[in-house]
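Please read the following report alongside the sequence and the model.

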Amino acid sequence: MPWHSLATIGLTSLLGRLNVIIPFLSIFLFEVVLLFSLLGYNLKSFYYNCFNNNDLAIYSQALIQCVHSVQCAHNFCARNFDLNPFVSVRGVFILNDHFDPIIWLGAMVLALAEKLGAQLVSACIYIEFGCFLLTIIFYFWVNANSNANATTKWVEYLLLLLLIIFCKGLLLGITFPIHTTTWSMLPVAILVFSIYKKRPLLILSTAFFLCAFREEFPFTIFTLALYYCGMAAGAAARHGRGQVQVRGVYGWWFSISLLIISLLWIVFDFVLRPWWLGPTEKYGSGLLSGLFFSPFSTVANALSMFNWGAFSIYYPFIIPLGWLVLARMRAGMRSQQDYQQDIAVVFFLLPLLLIRFLSGQYAFHYSVPVVSALLMMLIINGFPRALAHALTLGLTLGPVKQPRWRIYWPLIVVGLFVGSSISIHKKVISLLIFDHSSKCQISPEARAATRKLLNVFDDVYNKGANVINVVSSGGVTPQLLRPNLNLYHLGGYLPTDEPIYDYILLERSKKSNIWPLRYEDIALVLNCVAPFVSVKLLDNDFYFFAKGRFPRYCFDLGTLRAKSVIR
């Protein structure tokens, strides 16, 4: 055969492959751009003060203080690693607020990032996004075991990434940096994976590790342990006492070990921690006492707080979970083992769902562990593969033409995921491309004013970080964080034993994230502090930064608002 004929055949074959690859590659690149636009959104929001003090400044200051704590004795000061740093922007020792010692690992990563020249708070944002990327990689690794043809495999990967980047529960956590509950997405996914794979040692180690992310997780491990204890009792009864020793996840040693882990964490979190660390915030204990001592009023109050809008986080999972139930029913007795793992995951999720129902908190970081578990539950049971298979057959991309109805249910699932989260991606694109945000002003003038403020602030900080205290409105506090700085959130915590403050910083733009202040409160505070200003360090359309001797009553918003009404 002549060489030009071979070249023609080769070129035709290449063009044919490109006609298939290019559409898939284009969609994949589009999804990757959407994924990393979330990181861009967080960084740009940080630099333009679009985030509030809560929770970005709280956990950022905790991580910074872990690695930058300074202790002095006998006129000698040394830097050490603080296991429970005081967070001035929240007014609490961090482990007295939520018990999440996983921040120690985050602080070690931050210390490494600082040595590489990273800015402290932006490095904290990168740490959380890194957790997100590791979770995505784990999802893809679990999904990799597939015997589908090349076309279906491409569709499967694209659909999996689409389900992740359009999962509203994950997006709400990622675009609300930073919080250790959001970091828990990876260990939650690993725990669900280990439950389905019935790996007792992996379950025990992951369960112990997960309890370090927040004090609610020991309760999820407790209910999971109760389920396995019940299964162990049933297995022992079936095999006869003393005749056959049941091993694995249905053995007594495993279920009792898991129960002991959960009880040890619960006892430490709610009994030993207050004794060891001092008074703690009453989050979980308040919900528990209300549920046990006044269940009807507690449930009634939870129903009154129920937000149907927040239900959009979970309704995209209705059809996929229905598919899972239908698959189990079709498999019959063959799926009995799978049923048992499904029920185990449900037992794990029950405390998380109950806590969110009773507290009325469904969005932001609260939704992340729930949807992370649901996604892994679907992935490990082959839902992306079934979705891709139905879609390729419905589009006649497969080898055999199938009825067109097969395309409908995959498109409905995709539509529900996209429709539930499109508002978040719209917010991200509006800020990144069009410089529009309802929380902050994005303009060259605003950025220049912030740079000027930070230069002035650094001069003040370098002259006396350990002896000054600064009261600031909430939008700019994340950018003001410095090691060993007494920075207080106006409208949040202010120490009662400190009647005089050295510096006041207020954001003047009407588009500022100064929650819980109202824009009118800025004028009230300015009028009160005016007689006590000794030096105006910065006074423009964006910021008022001044030095003086400012009394605490000037920051009592309730009193200031009441006086303004009387006048």
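Helix 5 passes helix 17 in a right-handed crossing, a term used when the near helix is turned clockwise from the far one by less than a right angle. This is a predicted model, in which local features need pLDDT of at least 70 and side-chain atom pairs count only at pLDDT 80 or more, whereas totals for chains, interfaces and linings use all residues. Residues are numbered from 1 along each chain as its sequence is written, and side-chain values use heavy atoms, without hydrogens and water.

The axes of helix 5 (residues 120-143) and helix 17 (residues 368-380) lie 9 Å apart, at an angle of about 20 degrees; axes are lines fitted to C-alpha atoms, for helices over the stretch in contact, and angles run from 0 to 180 degrees between N-to-C directions. The two helices are therefore roughly parallel to each other, the term for angles under 35 degrees. Their contact (heavy atoms within 4.5 Å) is made by the residues in the table.

| Helix | Contact residues |
|---|---|
| Helix 5 | F138, Y139, V142, N143 |
| Helix 17 | S372, L375, M376, I379, I380 |

The residues of this contact divide into 7 nonpolar, 2 polar and no charged.

Elsewhere, 5 strands form an open sheet of mixed pairing in the order 6-5-7-9-8; strands (E, at least two residues) and helices (H or I, at least four) are DSSP runs, numbered from the N terminus, and two strands pair if DSSP finds at least two bridges between them. The edge strands, each pairing on one side only, are strand 6 (486-489) and strand 8 (533-539). Strand 5 (residues 469-472) pairs with strand 7 (residues 500-507) in the parallel sense over 3 bridges.

How values were computed:
Parallel < 35°, antiparallel > 145°, perpendicular 65-115°, else oblique. Nonpolar A, V, L, I, M, F, W, Y, C, P; charged D, E, K, R; others polar.
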